[in-house]
Amino acid sequence: MELGNIIPFLEDKNILVIGAAGFLAKIFVEKVLRVQPNVKKLYLLLRATDTKSATQRLQHEIIQKDLFRLLEENLGAKFNSFVSEKLTVVPGDISQDDLNLKDPILREELCRQTHCIINFAATTNFEERYDVALGINTFGVKHVLNFAKSCIKLKVLVHVSTAYVCGEKGGQILEDPCQMGVSLNGVSGLDIDLEKKMVENKLYQLRQEGATENDVKMAMKDLGIQRATKYGWPNTYVFTKALGEMFVETLKENMSVVIVRPTIVSSTYREPFPGWVEGVRTIDSFIAAYCKGKLKCFPGDIKAIFDVIPADMVMNAIIMALVAHANHPCDNIIYHVGSSVANPIRYQNLKDYGVRYFMAKPWVNKKGNPIKVGEITVFDNITSFRRYMFVRYLLPFKGLELVNAVFFQYFQETYLDIKRKVHAMMRLVDLYKPYLFFNGVFDNMNTEKLQMAAKQGGVEMDLFYFDPKMIEWEDYFMNVHIPGVVKYVLK
């Protein structure tokens, strides 16, 4: 594989960015606009019914984010006109056929002018409604692939997935495709079209029974978990992402399609500035719960490697893959973008960084009070954790519940506070249990080859760095990531 310079490649290109309001997609948009102002057009597909609502989403959820402050500082008074010239909103919905593109003129423009497509669209909620997750993460991929076939100038389609389509598999996890209909646990009968039919039948049944919206929501959430675990995946998110990859394998035909599988994505390492993050991401759930005094203990393999990679490195790898396979079409390329092989970090390190940081700089709550934290108790199995929780919290909680009732809710505030903390802790453990004991490492041979090709080809590696070996984890977590979470997530 040979790679030319990336910045010249991006010049005069039209790129369709699907799921443009997502965390990684925003970083992509900012990066391209900043390093190559002569990109011709970025078409941003946003879930919206019309151009007006899509434009509102562009302003509120993308352009006005702090992420774009460096670009705005660089351009000054020209910022708004530049953004208007380079960005075109595309109202649509990938869960619908033909991406639900209602403007025939815009649709024709996309089909005639698009050079590259990047599909960032996903719902990453582990407990997402099955109908929603199946619509976006699975059938959304099918609809994107079908639309891409009508783009006459298309050079490459990059599909952003997740490394955890592997489920709870341990050992070395290869950059291998998800084969259509193949489950993780050997259970036969996995059929994506039948899954969709099952969802439709269940929704029809619920409506016939007069179920409330909340009943429908809970039933769809439960169905997603049931179907995922039946075939060996731990949650609805990774199950439906794996099903989406199966569509890539069967529908891509002669298109150049690349799958990029990031591991756990964290805040930016360096660009456009260190520490930018949006929303409570996987590891940040534990950081947020701990600093607020809600996390006193958790179960997990403290010696296990957990695979984390900064968002700007993921983005640079995506751009590199896009350029590489636009110039050199591929049959079947999957890239793991992570750190577990090149620069592993362990749960012990993460725990120590969090304790040290918040002991030195306690989080201050809305009342202006600093929250004192202490050491975290870690249990090496779920049974020990549940026994501890029962004795330490649940038994006293039941006693407080009784006393509170006897004394006419006198202890209501204390009772509700403990209830919230216990519920938050148990929910975190239930959600992330498969990953707290995860013992796999993600082989990155393809990604290493991409990196070598980039270095040999004179690619601007200072701008498009994605080698995790450059990260010093203690410095990153103590001075970049945790402060970023405090600033942008906890606020």
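This is a guided tour of a predicted model, from the whole chain to single residues.

Residues are numbered from 1 along each chain as its sequence is written.

**The whole chain**

Along the principal axes, the C-alpha trace spans about 75 × 55 × 45 Å. A compact globule of 491 residues would have a radius of gyration near 23 Å, and the chain agrees with its 23 Å. That radius is taken over C-alpha atoms, and the globule rule is 2.2 Å times the number of residues to the power 0.38.

Switch to a surface. The chain exposes about 21700 Å², with carbon and sulfur atoms supplying 52% of it; accessible areas come from the Shrake-Rupley method with a 1.4 Å probe, and for residues only the protein chains shown count as cover. Of the 491 residues, 55% are buried. Buried means under 20% relative accessible area, exposed means over 50%, and partly exposed lies in between (1.4 Å probe, protein chains only).

Among contacts with a separation of 6 or more, 83% are between residues 24 or more positions apart; contact means heavy atoms within 4.5 Å. Now colour by charge. The chain has 60 positive and 55 negative charges, and their mean positions are 5 Å apart. Lys and Arg count as positive and Asp and Glu as negative, while His and the chain ends are not counted. The place of a charge is NZ of Lys, CZ of Arg, CG of Asp or CD of Glu.

**Residues 19-318**

Select residues 19-318. An unreviewed UniProt entry places the feature "domain: Thioester reductase (TE)" here; UniProt positions are given in the numbering used here, feature names are shortened, and annotations may be inferred rather than shown by experiment. The span is 46% helix and 14% strand, and its end C-alpha atoms lie 15 Å apart.

I318 is found in helix 12 (residues 311-327) and is buried, with a relative accessible area of 0%. Not counting residues up to four places away in sequence, I318 touches I118, F120, V158, V160 and V260. Y335 is 17 residues from I318 along the chain, and their C-alpha atoms are separated by 9.0 Å.

**Two loops**

Select L99 and N100. Both are in the loop between strand 3 (87-92) and helix 6 (104-113). Phi of L99 is near 60°, a positive value in a residue other than glycine. Phi of N100 is near 55°, again positive in a residue other than glycine. L99 is buried at 0% relative accessibility, whereas N100 is partly exposed at 28%.

Next, show E271 and P272. A cis peptide bond joins them, with omega about -5°. P272 is placed in the loop between strand 8 (264-266) and helix 11 (282-291).

Select K202 in helix 8 (residues 192-208). At 28% relative accessibility, K202 counts as partly exposed. K202 touches A219, M220 and L223, with residues up to four places away in sequence not counted. From K202 to L223 is 21 residues in sequence and 9.1 Å in space, C-alpha to C-alpha.

Move to A228 in helix 9 (residues 213-230). A228 counts as buried at 0% relative accessibility. Leaving aside neighbours within four places in sequence, A228 is in contact with W233, N235, T236 and F239. The C-alpha atoms of A228 and T240 are separated by 8.1 Å, with the two residues twelve apart along the chain.

**Helix 17**

Finish at L490, in helix 17 (residues 473-490). L490 is buried, with a relative accessible area of 12%. Display A288, C291, K292, W363 and V485: L490 touches these, not counting residues up to four places away in sequence. Then draw a distance from L490 to A342: the residues are 148 apart along the chain, and their C-alpha atoms are separated by 31 Å.

How values were computed. This is a predicted model: local features need pLDDT of at least 70, side-chain atom pairs count only at pLDDT 80 or more; totals for chains, interfaces and linings use all residues. Side-chain values use heavy atoms; hydrogens and water are left out. Helices (H or I, at least four residues) and strands (E, at least two) are DSSP runs, numbered from the N terminus.
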